[in-house]
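Please go through this model one part at a time, with the coordinates open beside the text.

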Amino acid sequence: MSAALAFEQVRCDRGGRPLFEHLSFALAPGDAASVIGPNGIGKSSLVRVAAGLLRPAAGTVITTGDRALLTEAHALDTELPLAAALDFWARIDHRRDAVGAALAAFELTALAAVPVRLLSTGQRKRAGLARIAASGAATWLLDEPANGLDAAAVGLLETAIARHRAAGGIALVATHQPLALPHAQQIDLAAACA
Ligand SMILES: Nc1ncnc2c1ncn2[C@@H]1O[C@H](COP(=O)(O)OP(=O)(O)OP(=O)(O)O)[C@@H](O)[C@H]1O
């Protein structure tokens with residue numbers, strides 16, 4: 001898997017207000033980084049910059065390979081059964097054969113026929129994570145992926161990230177909750193406050 005994500009002297013402003021500046025880091029295949037800091041410091045904004053949804057006010061973002069983004073929105077059609085909702089994206093990614101394994105990775109196989117709108121909070125979060133896992137993207141950009149997950153599901157998330165990294169993928173994870181991300185870089189935005 002060809003993956004790279006680097007920030008070079010990045011500054012991010014929102015609503016005309018500076019959030020962070022001079023932020024540099026580089027992730028290579030197999031690497032992970034956790035983005036930490038208090039509420040409102042800019043963790044979600046950093047993830048959006050990495051996704052290419054927000055333009056940095058200064059500096060450069062370098063990426064190699066596809067990126068998959070998980071935010072609070074699971075981005076799944078709520079009226080469709082779960083497997084069909086995942087299949088919608090998998091068709092676009094030419095990854096239809098990956099949906100079954102992604103459902104299994106997040107212990108959702110038994111819920112494949114249940115409409116997304118009927119899933120519980122944690123099940124919906126797992127469904128969003130299954131969408132990421134099925135995408136085949138080299139870089140996973142995860143904004144608070146453990147929100148709403150119980151301890152067992154956090155374990156599934158940690159395992160999925162570890163597998164992704166072992167296959168040469170990258171994970172950038174903004175999180176308030178402690179997650180086992182062995183040898184991950186820590187990006188503490190309190191230190192990069194503008
Ligand atoms: N679209 C926007 N326009 C203007 N300001 C915004 C916008 N989105 C976010 N902000 C502001 O940018 C700052 C950083 O927000 P962000 O969501 O990145 O923080 P965060 O560290 O992820 O917070 P939390 O831990 O609460 O999720 C906040 O002060 C927020 O109000």
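The model is a predicted one.

His-183 has a positive phi of about 60°, although it is not a glycine. His-183 has 8 other C-beta atoms within 10 Å, so it is exposed. Gln-9, in strand S1 (residues 4-14), also has a positive phi without being a glycine, with a value near 55°. Gln-9 counts as exposed because it has 12 C-beta neighbours inside 10 Å.

S3 (residues 32-36) runs parallel to S7 (residues 170-174), and 4 bridges join them. Within this pairing, Ala-33 has Leu-172 of S7 as its bridge partner. S3 also pairs with S8 (residues 185-188), again in the parallel sense and over 4 bridges. Here Ile-36 stands opposite Asp-188.

The next element to follow is helix H5. H5 covers residues 151-166, and its 16 residues should span 22 Å at 1.5 Å a residue; the end C-alpha atoms lie 23 Å apart, which agrees. Its buried residues are Leu-157, Ala-160, Ile-161, His-164 and Arg-165. They lie on the same side of H5, because they cover an arc of only 135° around the axis. An α-helix has 3.6 residues a turn, so residues three or four places apart point the same way. The face turned away from the buried side carries the exposed residues Ala-151, Ala-152, Gly-155, Arg-163 and Ala-166.

What, then, covers the buried residues of H5? The cover includes the strands S3, S6 (139-143) and S7, together with the helices H3 (99-105) and H4 (121-135). Just after H5, Gly-168 takes a positive phi of about 100°.

The residues around the ligand are Arg-14, Gly-15, Leu-19, Gly-37, Asn-39, Gly-40, Ile-41, Gly-42, Lys-43, Ser-44 and Ser-45. By class, this shell has 7 polar, 2 nonpolar and 2 charged residues. Helix H1 (residues 43-51) gives the most to the shell, with 3 residues.

Notes
Residues numbered from 1 in each chain as written. Predicted model: local features only at pLDDT ≥ 70, side-chain atom pairs only at ≥ 80, totals over all residues. Pairing = 2+ DSSP bridges. Helix = DSSP H or I, 4+ residues; strand = E, 2+ residues; numbered from the N terminus. Expected span 1.5 Å × (residues − 1). Buried ≥ 20, exposed ≤ 12 C-beta atoms within 10 Å, placed from the backbone. Arc of directions from axis to C-beta. Contact = placed C-beta atoms within 7 Å. Near = placed C-beta within 6 Å. Nonpolar A, V, L, I, M, F, W, Y, C, P; charged D, E, K, R; others polar.
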